[in-house]
Amino acid sequence: MRRITIATMGAVLALGLAACSGNGAGSSDDSTASAAAATGDVTVGVAMPTQTSERWIADGNAVKAGLEKAGYKVDLQYAGDDIPTQQQQLDQMITKGDKLLIVASIDGTALATQLQSAASAKIPVIAYDRLINDTPNVDFYVTFDNYKVGVQQATSLLTGLGILKADGSKGDAAGPFNIELFAGSLDDNNAHFFFKGAMDTLQKYIDDGTLVVKSGQTTIEKVATLRWLQETAQKRMEDLLTSTYSDGSKVQGVLSPYDGLSRGIITALQNAGYGPTIAGGMPIVTGQDAEIASVKLINDDVQFSTVFKDTRKLADQAIISAQAFLEGKTPEANDTKSYDNGVKVVPSFLLNSDVVAKDGIQSLLIDSGYWTKEQVASGQK
Ligand code: BGC
């Protein structure tokens, strides 16, 4: 495998950082003069799933800004979480002659036809954050260590309940604690990795009775949330409270894989009289993505934690990989065994994530320039 040169990586990283510095998660700085190489009229198609979650807006903006600074044109499309729309957008990118595709899929199994056309036209495809399944025509995958994200969510639930201490050693609380489990959208490959990482971590505490999933709903099929919709999670939490906790018992922890779901879950709990804060009876609720509304809830002691995945770094990695392909090289993978898409193991570049509870907001989110102190206080961008 040929490697892209350190010099190229350095240059692209510098461009990426310039694009990101001081601008928070959702914006980019276009003032830097374009460092266009001799890339001519090369357009990169960037297909993103939805604008309802702020992470995808941040991802799209960061990928676009970085590619433009590297001298490429960018065709950035959002599909409103509608599968046929995303298929159509990809078809159009291929027809228009885009030279490379970066795709964050909605349904990871629904794009095989489009990717076959891309392969026939010799257009490399990079799966962005979410793996694309059931096709040989995905060339590279940039993402976070998704199994580890699930481990982090579950570990944080255990820490919040006091079963573990912050350093990972045994905590003082013995339980039993009532918990409920939520997972993401079944057609998103990541949802399975998150849930598996979480369940591998929680299972021994369920087996020894420290944790009790009082509803009995423990399979991913039972606890999944189609399209990761906040209102769907809120409705399921409301149903659980009515069906399982109307005997006066309380739910003490909720495994949630995404901040949007966490907010729906918290709303259902608040409407049922839980809270207002963790000290006041709000269960330990986890999350993911460090969305600003949830970071405020964490700062206000309502949500316990989130998992921060720095989308700026993911965008940088996508740009490095795209540039390698466009220069006729092969991007450098750091994992060549974890992501089997049903047809082949897709070479991947995995990034690390961090758990953020209240005490980590300053060091991980504010000091890194992802959010400002004012944004955390207001809960708005
Ligand atoms: C992403 C998460 C995100 C979720 C919902 C997943 O594929 O990895 O970061 O929370 O989709 O948008």
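# Reading loops, ligand and pockets

Q: In which loop is Pro 276 found?
A: In this predicted model, Pro 276 is found in the loop between α9 and β9 (284-285).

Q: What kind of peptide bond runs from Gly 275 to Pro 276, cis or trans?
A: Read omega. From Gly 275 to Pro 276, omega is near 10 degrees, and the bond is cis.

Q: Which residues does the other cis bond, with omega about 0 degrees, join?
A: Gly 175 and Pro 176. Find Pro 176 in the loop between α5 and β6 (177-181).

Q: What is phi of Ala 290, and where is Ala 290 found?
A: Phi of Ala 290 is near 50 degrees, again a positive value in a residue other than glycine. Look in the loop between β9 and α10 (292-299).

Q: On to the ligand. Which residues surround the ligand?
A: Start with the shell, taken at a cut-off of 4 Å between heavy atoms. Here the shell holds Arg 55, Trp 56, Asp 129, Arg 130, Asp 188, Asn 190, Phe 194, Trp 228, Tyr 258, Gln 288, Asp 289 and Lys 309.

Q: How does the shell around the ligand split by class?
A: Count 6 charged, 4 nonpolar and 2 polar residues.

Q: What is the distance from a ligand oxygen to an N or O atom in the side chain of Arg 55?
A: Polar contacts are judged against a 3.5 Å limit between N or O atoms. For the side chain of Arg 55, the distance to a ligand oxygen is 2.8 Å. An N or O atom in the Trp 56 side chain is 3.0 Å from an oxygen of the ligand. For the Arg 130 side chain, the corresponding distance is 2.7 Å.

Q: How much of the ligand does the protein bury?
A: Compare the ligand alone with the ligand in place. Alone, the ligand exposes 310 Å². The protein buries 98% of that area.

Q: Which pocket does the ligand sit in?
A: The largest pocket. Two elements each give two or more residues to the shell around the ligand: α2 (54-69) and α6 (189-207).

Q: How much space lies in the largest pocket?
A: About 370 Å³. The pocket is lined by 27 residues, and those closest to its centre are Ser 53, Trp 56, Arg 227, Trp 228 and Tyr 258. Trp 56, Trp 228 and Tyr 258 also belong to the ligand shell.

Q: Which elements give two or more residues to the lining of the largest pocket?
A: Trace α2, α6, α8 (230-244) and α9 (259-271). By class, this lining has 12 charged, 8 polar and 7 nonpolar residues.

Q: How much space lies in the second largest pocket?
A: About 270 Å³. Of its 15 lining residues, Thr 159, Ala 166, Val 355, Ala 357 and Asp 359 are the closest to its centre.

Q: Which elements give two or more residues to the lining of the second largest pocket?
A: Look for α5 (146-161) and β12 (354-357).

Q: What is the class make-up of the lining of the second largest pocket?
A: In this lining, 7 residues are nonpolar, 5 are polar and 3 are charged.

Conventions:
Residues are numbered from 1 along each chain as its sequence is written. This is a predicted model: local features need pLDDT of at least 70, side-chain atom pairs count only at pLDDT 80 or more; totals for chains, interfaces and linings use all residues. Side-chain values use heavy atoms; hydrogens and water are left out. A polar contact is a pair of N or O atoms within 3.5 Å; within protein, one must be able to donate a hydrogen and the other to accept it, and residues adjacent in sequence count only if both atoms are side-chain atoms. Accessible areas come from the Shrake-Rupley method with a 1.4 Å probe; for residues, only the protein chains shown count as cover. On a 1 Å grid over the protein atoms alone, a cavity is a set of points where a 1.4 Å probe fits but cannot get out, and a pocket is an open set with protein on both sides within 12 Å along at least five of seven lines; lining residues have an atom within 4 Å of a point. A molecule sits in a cavity or pocket if more than half of its atoms lie within 2 Å of its grid points. Helices (H or I, at least four residues) and strands (E, at least two) are DSSP runs, numbered from the N terminus. Ala, Val, Leu, Ile, Met, Phe, Trp, Tyr, Cys and Pro count as nonpolar, Asp, Glu, Lys and Arg as charged, and the others, Gly among them, as polar. Grid points are joined across faces, edges and corners, and a volume is the space filled by probe spheres set on the points.
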